[in-house]
Amino acid sequence: MRDLVCLSDSYRSKLFDLLETTHPEAFDNHDREACTRGSKLTREFLLQQFKKDGIEVNDEVFNMLLGSFWSREFYTRAEKYRKEKS
């Protein structure tokens, strides 16, 4: 059921680009605290973007979309963030 609703590749990429530009620290996952901060920041960012884009979702659908957001691309960008900080 989790994969029933997901973001399109193009919309997800647009969101990643915007998140990376406005909140690059969301990709910081070097320890548990950083992951928690990044997760919270990402959730808030997505809620704001969905509202801005006129996408109305309930909690269950939001969680499905959030699950599809944390994809291979997210972790690729997190790796890039970590290398840039090193």
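Trainee: What hand is the crossing where α2 passes α3?

Mentor: Right-handed; that term applies if the near helix is turned clockwise from the far one by less than a right angle. Bear in mind that this is a predicted model, where local features need pLDDT of at least 70, side-chain atom pairs count only at pLDDT 80 or more, and totals for chains, interfaces and linings use all residues. Residues are numbered from 1 along each chain as its sequence is written, and side-chain values use heavy atoms, with hydrogens and water left out.

Trainee: At what angle do the axes of α2 and α3 cross?

Mentor: Roughly 115°, and the axes come within 11 Å. Axes here are lines fitted to C-alpha atoms over the stretch in contact, with angles from 0 to 180 degrees between N-to-C directions. Helix α2 covers residues 32-52 and helix α3 residues 59-69.

Trainee: Which residues meet there?

Mentor: From α2, Thr42, Arg43, Leu46, Leu47 and Phe50; from α3, Phe62, Asn63, Leu65, Leu66 and Phe69. Contact means heavy atoms within 4.5 Å.

Trainee: Switching topic, how many helices and strands are there?

Mentor: The protein has 4 helices and 0 strands, as DSSP runs numbered from the N terminus (helices H or I, at least four residues; strands E, at least two).

Trainee: And what share of the residues is buried?

Mentor: 34% of the 86 residues, buried being under 20% relative accessible area with a 1.4 Å probe, protein chains only.

Notes:
Buried < 20%, exposed > 50% of the residue type's maximum accessible area, 1.4 Å probe, protein only.
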